[in-house]
Amino acid sequence: VLILLLGLSWMVVRRNLVRLSEVRDRRNAALLEQRKQQTLMKRRPDLLHQLQLVRGQLPRHPEGDDLKPVFARQVQTLAGETGLQLTGLTPDPEEELEELSLYRSAVRGTWSGNASQIIGFLVELQRLGAVADVRDLRIRSRSGDRESLSGTFVLEFVYARVPQSQIDAEIDTSPQ
């Protein structure tokens with residue numbers, strides 16, 4: 001009976017120790033998350049200022065316009081300038097980023113070319129500024145030929161939407 005009582009007691013104590021360990025781990029994780037949030041809250045004014053600077057550089061498009069052809073044309077033009085061959089482009093649907101009052105759209109593409117062409121494409125994309133960003137880039141060597149490469153990419157476009165009247169007012173306003 002004593003051995004049975006000790007065995008049951010050990011099982012209960014062990015189960016409670018495991019629970020205590022789990023509670024301690026959750027508490028530590030919560031404290032870590034709290035510290036991260038406090039650090040972000042301290043940086044919030046700087047982050048908001050940086051967001052406003054970037055937002056000023058983002059393109060603005062009229063509400064309701066279908067931008068998929070515009071973005072596809074931009075990618076094709078950029079590829080044409082660098083000699084990169086696009087073998088396929090697929091625009092993704094527009095997504096609203098409500099908390100930022102911005103919109104995001106992506107273009108998935110497949111390409112072929114050599115190393116200098118894909119590097120030139122990426123450099124020219126970077127020179128455009130806050131127009132598009134590479135979310136995913138995959139490169140593979142084609143059939144053992146070191147010069148010939150192919151791959152896929154996902155370019156992400158972030159922009160603001162404004163009423164058509166604001167776009168027309170900007171066109172009619174003088175630069176000064």
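1. Val 162 is buried, with a relative accessible area of 7%; buried means under 20% relative accessible area, exposed means over 50%, and partly exposed lies in between (1.4 Å probe, protein chains only). Val 162 has its place in strand S6, where helices (H or I, at least four residues) and strands (E, at least two) are DSSP runs numbered from the N terminus. Val 162 and Gly 56 stand 106 residues apart in sequence, and their C-alpha atoms are 13 Å apart in space.

2. A remark on the basis of these values is needed here. This is a predicted model, in which local features need pLDDT of at least 70 and side-chain atom pairs count only at pLDDT 80 or more, while totals for chains, interfaces and linings use all residues. Residues are numbered from 1 along each chain as its sequence is written, and side-chain values use heavy atoms, with hydrogens and water left out.

3. Arg 161 also has its place in strand S6. Is Arg 161 buried or exposed? Arg 161 is buried, because its relative accessible area is 14%. Its side chain reaches the backbone oxygen of Asp 65 at 2.8 Å, and a polar contact of 2.6 Å joins the side chains of Arg 161 and Glu 94. A polar contact is a pair of N or O atoms within 3.5 Å; within protein, one must be able to donate a hydrogen and the other to accept it, and residues adjacent in sequence count only if both atoms are side-chain atoms. Leaving aside neighbours within four places in sequence, Arg 161 is in contact (heavy atoms within 4.5 Å) with residues including His 61, Pro 62, Leu 67 and Tyr 103.

4. Asp 92 lies in the loop between strand S2 (85–91) and S3. With a relative accessible area of 17%, Asp 92 is buried. When residues up to four places away in sequence are not counted, Asp 92 touches Lys 68, Ser 105, Ala 106, Arg 108 and Arg 135.

5. The largest nonpolar core has 18 residues, and those with the most contacts inside it are Val 75, Phe 121, Leu 155 and Phe 157. H2, S4, helix H3 (115–127) and S6 each supply at least two residues of this core, and the largest share, five residues, comes from S6. A nonpolar core is a set of buried Ala, Val, Leu, Ile, Met, Phe, Trp, Tyr and Cys residues joined through side-chain atoms within 4.5 Å. In soluble globular proteins, nonpolar side chains tend to be buried together. Not counting residues up to four places away in sequence, Phe 157 touches several residues, among them Phe 71, Val 75, Tyr 103 and Val 131.

6. How many cavities of 30 Å³ or more does a search of the whole structure find? The search finds two. On a 1 Å grid over the protein atoms alone, a cavity is a set of points where a 1.4 Å probe fits but cannot get out, and lining residues have an atom within 4 Å of a point. Grid points are joined across faces, edges and corners, and a volume is the space filled by probe spheres set on the points.

7. The largest cavity holds about 40 Å³ of space. Its lining consists of Gln 74, Val 75, Leu 78, Leu 125, Leu 128, Val 131, Leu 155 and Phe 157.

8. About 30 Å³ of space lies in the second largest cavity. Pro 59, His 61, Phe 71, Gln 74, Val 131, Phe 157, Val 158 and Tyr 159 line the second largest cavity. The largest share of this lining, three residues, comes from S6, and the residues divide into six nonpolar, two polar and no charged.

9. Ser 101 lies in the loop between strand S3 (95–97) and strand S4 (102–113). The phi of Ser 101 is near 55°, a positive value in a residue other than glycine. Most residues other than glycine have a negative phi.

Definitions and conventions: 1 Å grid on protein atoms, 1.4 Å probe; cavity = no way out; pocket = protein on both sides within 12 Å on 5 of 7 lines; lining within 4 Å. Nonpolar A, V, L, I, M, F, W, Y, C, P; charged D, E, K, R; others polar.
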